[in-house]
Amino acid sequence: MDKNTFTQTVRNWLEKFLKKHLADSHEVLEVLIPESSLSKLNNEHIKSIADYSSWDFKPDVIAILQQKDTEKITLAILNRSNSALSLKEIGEINLYAKLCGAEFAFLTSLNGISSEVSLLLIEDEIRERLLEYSPNKNIIIFSWSEADNNVDSKSIVPLDAKKFLLS
Amino acid sequence: MNMSETTLTKEKSYLLGLITGRGHIFLNSKIIAIEFSHANEIVEGIAHCPKCGYLATKNGDNLRCKNPACESIVDKSVKNTYNQPIETVESLTRVIIPFLNSGIPAAYEIIGNKSMTLLVIDFEKSQDVFDEIVSIFNPDLSFDRFHIPKILYKTERENKIEYINGLLDTSGFPSPGGWLNRDGENGHGRMRVYFQVVRNWHLPVEIDNFLRSEFKLPIHTIDWGHPNIRDANLEDYFNTRPTSWSREHQIKFFPEYYKAFSFRISSKQSLFQELRAHNEKVVFDIEDDWFPPSKITRGKIKAYHPGEADLRIPKQARKHFDAFWQINLAMGCAFLSDLQKKSKNPEYFALTGDPKTEGDVEKIKQEFEKIRKEKESLILAKKRKTPNGQAKKEIESTKVRLSNEQETYAPLVEFFKKYLSDHYQEPADAFDTSAGNLNLFLENGSEDLVSAFDYCAKFRIRPDVVGFLMNTKRLGFIESKITSLDLKALGQLLGYCLVAQPEEAILVSTKRPAVALVKILKARPDLLEYAQDKKIKLAFLNEERVEFISI
């Protein structure tokens, strides 16, 4: 699968996933494949979020969410990679998620996580340091199965995100 | 509780084999993770000619029968295909986990992807077994350092077999592509299986010696990940892959002698059976064991290779070799040591493989030296000849690529040594570690470093320069770039820092940071934090001077 197709595929998945899982709490306003950094996107929803002008970065997919009770607008971000994920990709999305105070941050790859990183992520303390970008909010990593056109259920990290992602 | 040869079971022996091959022990979380790598999603079996039954091999886009009297074009569909990730997960679920669980109650979980499946065993509820395993491998925690446990030499035969079965499931690879060009009674091509040993330099000889001493089995060869063996003609060195030799080691054997063993991973077992059946049908009348070694004739002498001094090679093998078995000897092969002791002149034997000649050591050394240098000169001369400019272009493009970022490492190493010792008022050292993971660098570094920084063995990370504060055993990282610093570069170093929590972390570039990054960091300086009171510093490498950038 080429990069563009993969991006489109996971964009569609993200939209469907969020609409299903957040139906009670959020409205999914838009799911976008940004063409420029978020600070330069001509998007009224994003411009309504504080500090957006310093968001000089471009995730592969973003979803703009609105909390139903408070009407607060937040983001879900997703980065995708065709090769096995390394610390570089994890560090990058960790920064993006911190910067925009993401509600959810996903990282996916057609080739899963590199073996070195898989092993580091087994250690509780290291995994928490790498994936937690704000209190009780973790980056969720998974492989994308081309064969099933879905999340590879065996690949989800952290393990306790499995229920959330697959329910 | 200590595991003894009397309490060792088949399940435990098999698990010890899995762990030796690709295991990682996590002491704090009481977890053992075992890797089952399958780099290729689909693997194919052997192709035999439907007309005559001979081996058929690739010939352009087709397969062609190797029988000179047939030479038919053979359709690829004659090959069996195996989906490794799917079969690995199925074998783990249906066979391996139930087998292990019958003797070792623990929580077993499978995670993985197309290139690797990971079996994670949580021993929280069976701490005794975990402690036993830890004591067996003590002080090592990962497969790149494990030895064959001593207990395996004393246990009964069926446990030894299970140990090898475990080793095979994680590090054994039956591959029809690894056939040897040999004629048999009824055909051609002798199939081989290999143990793939990654970054562990003592295990290949231990496996060889274990199979010989405990099962009297032959080994065809050990293909060492050493520059003299893998890149003897310096082809890769001059072809933009200067360190391609630093891959795994392979211990190759003929499957027909290994009937006592079996894989539990079904794709591997099917291939193993295919290879064995082929060799048994073709019939080879010699064992083709590497031991005793062949003599090193003048024609086998190898040119010097710049990689011989590479730090990734352990001290014993960090030198020139003309034959693979000389590395076996250097790495402690008991069979060779014994033969050497019994030889007429042990030093002459080590140089030539000849146990029966007294020989003149100085003379043969000079002679071999001369041949190595002549071969080296010939290779260099050949590379300098540029009839179509290709070789020269390759060398130049390599140099251009290597200039840039790699050229920043040496001044950064010097800077970091001084900076750390001045700033922290204690002895400090720094190294260019860009070529390999930190854990590997430490493993093959000096004994002082290894003992002081043993806690870093689990850090499979690759910063460009690592500094060591020798008294307080703290680390420092530098990540170097030749482009303007941006969030991606910061994210990379942040990843390393979140893992290892060094005392110092510097992101440096030969260019000033991107304005966008400075803007972000002015607004959010907390993005530089990787631990309490620890922040990544940004710097500009101005010629050879490091200037810190204040945010």
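At what angle do helix α1 (residues 10-22) of chain B and helix α2 (residues 84-103) of chain B pack? The angle is about 125°, and the axes lie 8 Å apart; axes are lines fitted to C-alpha atoms, for helices over the stretch in contact, with angles from 0 to 180 degrees between N-to-C directions. Helices here are DSSP runs (H or I, at least four residues), and strands are E runs of at least two, numbered from the N terminus.

I turn to the two chains. Chain A contributes 35 residues to their contact and chain B 39 residues. Together they bury about 3400 Å², 64% of it on carbon and sulfur atoms; buried area is the accessible area (1.4 Å probe) lost on putting two parts together, summed over both. L95(A), L119(A) and K154(A) supply 19% of the area that chain A buries against chain B, more than any other three residues.

Finally, confidence: chain A averages a pLDDT (the predictor's confidence in each residue, from 0 to 100) of 92.

This is a predicted model, in which local features need pLDDT of at least 70, side-chain atom pairs count only at pLDDT 80 or more, and totals for chains, interfaces and linings use all residues. Residues are numbered from 1 along each chain as its sequence is written, chains are lettered from A and ligands numbered from 1 in the order written, and side-chain values use heavy atoms, leaving out hydrogens and water.

Note on methods:
Contact = heavy atoms within 4.5 Å.
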